[in-house]
Amino acid sequence: MTYVVTDACIRCKYMDCVEVCPVDCFYEGENMLVINPSECIDCGVCEPECPAEAILPDTESGLEKWLELNNTFSAQWPNVSRKNDQTPADADEHKGEEGKFEKYFSPEPGAGD
């Protein structure tokens, strides 16, 4: 099992999850984070820390797309191990919004550490 970041993170990117991760398995895109599934130790401490409820265990049904996306982009984006100032100013306005992947997803990397 591993944890995955879903589209609920897009345009929110609160980064509270990054602060508690003991293995630094988060990678930063321009407007979302992903988890490297091969680095995640399945501890689950990140899941309750996410204000957008964007982190889920891959054992939940329908997350295959997100597992693949997390795997792909964690290999391309820079590692991030601490919360930085990259949380969008309008993050709260996008929390809970539907269809964020189709509307806003960017494959561009974020700043990382």
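A residue is buried under 20% relative accessible area, exposed over 50%, and partly exposed in between (1.4 Å probe, protein chains only). This is a predicted model, in which local features need pLDDT of at least 70 and side-chain atom pairs count only at pLDDT 80 or more, while totals for chains, interfaces and linings use all residues. Residues are numbered from 1 along each chain as its sequence is written, and side-chain values use heavy atoms, with hydrogens and water left out.

**View 1. Arg11 and Lys13 both have positive phi values.**
Arg11 lies in the loop between S1 and H1. Helices (H or I, at least four residues) and strands (E, at least two) are DSSP runs, numbered from the N terminus. Phi of Arg11 is about 70°, although Arg11 is not a glycine. Most residues other than glycine have a negative phi. Arg11 is partly exposed, at 23% relative accessible area. Lys13 is found in the loop between S1 and H1 too. Its phi is near 45°, again positive in a residue other than glycine. Lys13 is buried, with a relative accessible area of 1%.

**View 2. Lys83 and Asp16 join their side chains in a salt bridge.**
A salt bridge puts a side-chain nitrogen of Lys or Arg within 4 Å of a carboxyl oxygen of Asp or Glu. Here the N to O distance is 3.5 Å. Lys83 lies in the loop between H2 and H3 and Asp16 in helix H1 (residues 16-20), so the pair ties together parts that are 67 residues apart in sequence. Lys83 is partly exposed, at 40% relative accessibility. Asp16 is partly exposed as well, at 23%. A search of the whole structure finds five salt bridges.

**View 3. Asp113 forms a salt bridge with Arg82.**
Their closest N and O atoms are 3.9 Å apart. The pair links distant parts of the chain, 31 residues apart. Asp113 sits in the segment after helix H4 (100-104), and Arg82 in the loop between H2 and H3. Asp113 is partly exposed at 47% relative accessibility. Arg82 is partly exposed at 48%.

**View 4. The largest pocket has a volume of about 190 Å³.**
Pockets and cavities are found on a 1 Å grid over the protein atoms alone. In a cavity, a 1.4 Å probe fits but cannot get out; a pocket is an open set of points with protein on both sides within 12 Å along at least five of seven lines. Lining residues have an atom within 4 Å of a point. Grid points are joined across faces, edges and corners, and a volume is the space filled by probe spheres set on the points. The lining of this pocket includes Thr6, Asp7, Ala8, Ala52, Glu97 and Lys100. By class, the lining has two nonpolar, three polar and five charged residues. Ala, Val, Leu, Ile, Met, Phe, Trp, Tyr, Cys and Pro count as nonpolar, Asp, Glu, Lys and Arg as charged, and the others, Gly among them, as polar. Glu97 is partly exposed, at 21% relative accessibility.

**View 5. Lys100 is a buried residue in helix H4.**
The relative accessible area of Lys100 is 0%. Contact means heavy atoms within 4.5 Å. Leaving aside neighbours within four places in sequence, Lys100 is in contact with Asp7, Ala8, Cys9, Ile10, Cys12, His94 and Phe105.

**View 6. The largest cavity has a volume of about 70 Å³.**
It is lined by 15 residues, and Cys9, Tyr14, Cys17, Leu33 and Cys50 are the closest to its centre. The lining divides into 13 nonpolar, no polar and two charged residues. The count comes to two cavities of 30 Å³ or more. The second largest cavity holds about 50 Å³. Its lining includes Tyr3, Pro22, Val23 and Ile41. Nine residues of that lining are nonpolar, one is polar and none is charged.

**View 7. Leu33 belongs to the largest nonpolar core.**
Such a core is a set of buried Ala, Val, Leu, Ile, Met, Phe, Trp, Tyr and Cys residues joined through side-chain atoms within 4.5 Å. The largest has 33 residues, of which Val5, Phe26, Met32, Leu33, Ile35 and Ile55 touch the most other members. Strand S1 (3-5), H1, strand S2 (26-28), strand S3 (33-35) and H2 each supply at least two residues of this core. Beyond four places in sequence, the contacts of Leu33 include Val5, Cys9, Lys13, Phe26 and Val80.
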